[in-house]
Every structure is written in C-alpha cells, then in structure tokens.
Amino acid sequence: MKKNKLIILVVICLFLQAILFMAFDFPFKTLPILDGFPVGLATPVVTRLLLYWYLPIIAFSFYISGDIKDLLSSYGFLQISRNYKKEYWLMKQFLKLFIRIILFTSLQLALISMFTTDSIYSTATFLYLILGYSIMLFTIFSLQCLLELFIDAQKALLIINGYVIISILIADLIYQNTTATWPYYLLLPNYGMGFRTGLIPFTNTSTLLISEPTSLIILLVVLLCIFIVAIKKFKTTDIL
C-alpha cells in the first residue's frame, strides 16, 4: 500500500514537472530534463530550474528507499535461503532498479515531449543525452541502495538527496570563482545535464564542465565499485 502511494506521488511529480517546464520560458535545445541547465545563471533562475528538474527525482528516491531491507524482512530471506546465493539476489535487485529507472525515464521523456515543443538537436546527441541521464540516475540510486546496507534508509535518502543538490549548486560556484576543473569529477549529478557535459551549447558560451565520454566512463567505474562493495558487504550481513 505504501509503495502504491509513492508510485502515485512519482507520477504526479512527473506531470507537474512537465507542466512547470512548459510554463517556463528558457532556451532549451532538446528536452529540459536532458539539457538540465548551464552554470552561470542568475540565482532565481537556477532555483526554479533546479526545483523543476529535481522534483520527480526526489520522489523516485523516496519510492525506492528501504527496498532491499523491506524485501529481506519478507520473502527475500526465503529466496536467499532456498534458491539464490546472496550476491545473485543482490544483483537481481540492482537489475530491477535499472529497469525501474528505464521506465521512469521513458515516462518522463514521453510527458515532457507531450507538454513541450522543444526540437531534437540531433539523433546522436539525443541518444547521448538519454544515455548520460539514465546512467547518472542509476549510479545515484545504486549509491543510495549501497548506503542502506551500512546505515538507516532515511539517513541514506537524506545523504543522497543532499549530495545531488549540493553537487549541482557547488558546480556553479566553482565555475564562477575558480578555474579548477578536477572538483567537477566528484559531482556526478552534473553528468546528466547536456548543458554541463558540452553536448548542448548555451548562447555561444561554453559551459562544459566535463566531456560526455569521460563522464560515462567515470559513471560506469563508479557503478562497478558500488556493486563490488555492495556484494562484499552483503555477504557478511546477517539476514536472519
């Protein structure tokens, strides 16, 4: 029952996001969720765009919060004791998470396409944007699941969502106040924004923080590390 209510919340936030983007006049080049927004904007504009972009993501974060521990307290324990090795069962949960993210992203793109009139920049660029955005979400939410193996689910949720918001805002501060580029590599949520990965130009001004090929490689390496740490931790976790 709780999960059903959270699914409804995610869908409502998706519709609300599409409507808000439709009503906001901003020079997006493809779709708002894929473009994100560039660094260097005025604070009121950044605040609105961040709210619109992030609204369904935080709803989805609530939706998956505590999934692994909830499953272990129900039929997950029986599955592990009878049919699955721990590591296989855990990786199956990550696979289910990936499928949910694909469905979430597909619905998000469909709704945005219905409510907005933005044109596609190019086929190759559009595919890169979708890939970068989806893998970024999968990495962030996989990290949330990993943290839940070590700490309380509510704390993991707060840490991940705080990290996402701070990463996006601090990237803007770094861009405006220093020429250093290495901090951007630690700010994974920016990897899902076309304006910040250089795929989408903004008014003839370069706001590239990290290139798309590099960002995809980093995300895949982070994902691999998450899976390795999660499996090692889960193997030593008492599920009785």
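Colleague: How many disulfides does the count come to?

Modeller: This is a predicted model, where local features need pLDDT of at least 70, side-chain atom pairs count only at pLDDT 80 or more, and totals for chains, interfaces and linings use all residues. Residues are numbered from 1 along each chain as its sequence is written, and side-chain values use heavy atoms, with hydrogens and water left out. A disulfide here is a pair of cysteine sulfur atoms within 2.5 Å. By this rule, the count is zero.

Colleague: Is Cys13 buried or exposed?

Modeller: The cut-offs are relative accessible area under 20% for buried, over 50% for exposed, and in between for partly exposed (1.4 Å probe, protein chains only). Cys13 has 9% relative accessibility, so Cys13 counts as buried.

Colleague: And what about Cys225?

Modeller: Its relative accessible area is 43%. Cys225 is therefore partly exposed.

Colleague: At what angle do helix 3 and helix 7 pack?

Modeller: Axes are lines fitted to C-alpha atoms over the stretch in contact, and angles run from 0 to 180 degrees between N-to-C directions. The two axes of helix 3 and helix 7 lie 11 Å apart. Their packing angle is about 35°.

Colleague: Which residues of helix 7 meet helix 3?

Modeller: Contact means heavy atoms within 4.5 Å. Helix 3 brings Trp53, Ile57, Phe60, Ser61 and Ile64. Across from them, helix 7 brings Tyr133, Met136, Leu137, Phe141, Gln144 and Glu148.

Colleague: Is Ser61 buried or exposed?

Modeller: Ser61 sits in helix 3 (residues 43-64). Leaving out residues up to four places away in sequence, Ser61 touches Phe141, Gln144, Leu157 and Asn161. Relative accessibility is 0%, so Ser61 counts as buried.

Colleague: Which residues does Asp67 touch, beyond four places away in sequence?

Modeller: Asp67 lies in helix 4. At 13% relative accessibility, Asp67 counts as buried. Its contacts, not counting residues up to four places away in sequence, are Lys3, Arg100 and Glu148.

Conventions
Helix = DSSP H or I, 4+ residues; strand = E, 2+ residues; numbered from the N terminus.
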